Amino acid sequence: MAELLSFRSLYASDERHAILAGLTLHVDRGETVAIVGESGCGKTMSIGALLDILPDDVSITAGSIAFDGEDVLSCRGKERKARLYSRIGFVPQNTSDSLYPLMTVSEVMTDAYMHNHPDAGRRQARERAAMLLSSLGIEDAGRVLSLYPFQLSGGMKQRINIAAALMDDIDLLVADEPTSALDIHIRRQIEALYASLSGREGLAMLVVSHDLGFVHSIADRVYVMYAGRIIEEGMRDEIFSDPVHPYTKALIELSTMKTRDRAHDLPELGRLASAVDRESPACAFLPRCCCRRESCAVSVGYACLSDTHLVRCVL
Amino acid sequence: MSVLSCMNVSKLFQDNGFEALRSISISIGEGESVGIVGESGSGKSTLGSIIGGLDKPTDGTVFYHGTDISSLKGGAFRQFRRSVQYIFQDPKGAMNPYFTLRRVLIEPLRINFPGIGKTELENRVEEMVGKVGLPASILDAHPYEVSGGEAQRIAIARTLLPEPEVIIADECVSSLDLSIQAEVINLLRHARTETGASFLFISHDLDLVRYFCDRVYVMLHGRIVECLDCRHMEEEAASEYTKMLLEDAYGKD
């Protein structure tokens with residue numbers, strides 16, 4: 001399958017700490033890929049590096065990103081936007097804040113589209129927006145288009161953001177934590193929506209999430225990220241049925257715990273050591289690992305378990 | 001007698017005519033953990049802020065140890081404010097970004113305990129930070145310099161410092177990932193055992209409420225649908241809505 005997006009040994013840091021430490025991953029055309037890992041591991045920063053929306057004090061120090069065979073990092077700002085934004089749709093983590101409060105849904109959806117397509121009229125754009133909303137299962141699209149963000153529920157804002165991202169005929173949809181902070185009933189609906197998108201012809205998805213249930217329901221392939229790099233990758237079933245890295249195992253165990261036992265404390269993973277040196281060749285998970293060996297403190301490399309299943313662990 | 005309760009509380013938002021709460025009565029007993037579960041927009045948070053005195057109902061009464069809170073004045077009102085503390089979903093949003101975490105913690109203490117000296121307050125703050133599992137060095141950081149989990153621990157420290165009788169936790173772990181959620185919930189459970197404080201635990205996560213609470217009120221469209229014992233939820237659930245929530249959380253069977 002043709003490669004659409006690739007990160008090669010990407011390093012990024014702020015003034016004091018390394019944030020990404022040799023991040024390598026790729027997304028093929030039409031494929032749904034998920035990056036999982038806990039808060040602070042660098043998931044959102046990797047998206048920021050692609051879309052040029054990193055915080056001011058974070059800079060990329062080494063490595064490369066390519067989209068459709070072209071180097072992405074060589075251009076910034078407006079040039080990057082012009083090149084990527086009509087081909088990559090983005091659904092940010094906080095969908096409430098990403099809708100401009102003084103613009104109606106219709107304006108939010110059509111403005112960016114008309115910017116990318118100067119010859120398209122407002123009316124044509126609005127028709128397209130209405131069609132998209134209906135295709136995402138929103139009844140009464142005409143009425144919804146005339147509403148302001150404060151009149152929308154959380155689940156509806158999610159859907160509007162997804163629809164806005166799909167206004168152009170994009171090759172890649174990037175979504176940051178699409179299900180966090182939604183209640184379970186709405187989460188199921190959003191999950192179903194992403195599942196239907198993941199089957200869409202020609203649309204690849206890169207989804208960043210710590211919600212493993214969601215990832216399991218939509219992803220073809222999964223990357224597990226820890227302290228700025230990938231520590232395990234594989235096809236969905238390789239990761240969920242046959243995890244190798246102790247961190248992956250722990251994450252999956254936590255997420256499949258169905259009922260919490262009142263009599264006991266909840267199982268913890270052990271605290272994330274904030275002082276860990278992300279660029280060190282040693283294993284960053286070492287301080288929390290249940291099965292560490294002496295060599296882990298020196299260096300640890302990647303081991304191939306199959307053509308697609310790769311793990312950064314000595315086990 | 002219940003520590004905190006409300007009787008026939010309604011809330012109408014005048015600007016858009018939205019009736020967020022419709023004649024709600026709930027009670028929180030001494031040392032009891034009470035949950036409120038329901039989906040976004042059901043009125044959970046509005047109820048939480050009215051029962052803790054942050055917002056006023058359009059109708060009905062809130063009682064603190066049997067006294068109408070709208071009649072509390074001066075010292076009695078301050079005592080009520082100190083005794084009912086909040087933990088919110090977004091801990092950093094509830095902290096002044098220009099303050100160090102030390103100041104974030106000490107400021108409310110100075111107001112609540114005017115008779116106690118600065119050194120003693122600082123000692124209490126450092127001791128509490130240790131109790132919530134953070135190093136004292138974190139006190140020199142600003143809110144934006146710490147992670148979400150660390151910020152929520154600081155928020156919990158701030159809540160516990162005034163030695164409250166009731167803690168109102170509004171979606172306090174819903175934006176944290178699972179492993180950090182577990183740490184924060186364990187911390188709250190230990191705090192509950194240690195201090196004997198009552199909890200009003202607001203969440204959309206039914207399983208988490210069931211794990212943490214003794215009783216749960218199920219809310220829908222501004223009304224209480226039913227109140228259940230968390231140990232016998234499946235057996236007691238009578239309404240279709242609660243059954244649907246249970247099914248969403250645990251699947252059919």
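Arg29(A), Asp68(A), Arg87(A) and Asp171(A) are joined in a network of salt bridges, a salt bridge being a side-chain nitrogen of Lys or Arg within 4 Å of a carboxyl oxygen of Asp or Glu. This is a predicted model, where local features need pLDDT of at least 70, side-chain atom pairs count only at pLDDT 80 or more, and totals for chains, interfaces and linings use all residues. Residues are numbered from 1 along each chain as its sequence is written, chains are lettered from A in the order in which they are written, and side-chain values use heavy atoms, with hydrogens and water left out.

Over all chains, the search turns up 32 salt bridges. One of them pairs Asp111(A) with Arg122(A), at 2.9 Å from N to O. Asp111(A) is partly exposed at 34% relative accessibility, and so is Arg122(A) at 39%; that label covers what lies between buried (under 20% relative accessible area) and exposed (over 50%), using a 1.4 Å probe and protein chains only. Arg236(A) and Asp237(A) make another salt bridge, at 3.3 Å.

Now for the meeting of the two chains. Chain A brings 28 residues to the contact and chain B brings 36, contact meaning heavy atoms within 4.5 Å. Together they bury about 2800 Å², with 46% of it on carbon and sulfur atoms; buried area is the accessible area (1.4 Å probe) that two parts lose on being put together, summed over both. Three salt bridges cross this interface. Arg16(A) also forms a salt bridge with Glu145(B), the closest N and O atoms being 3.9 Å apart.
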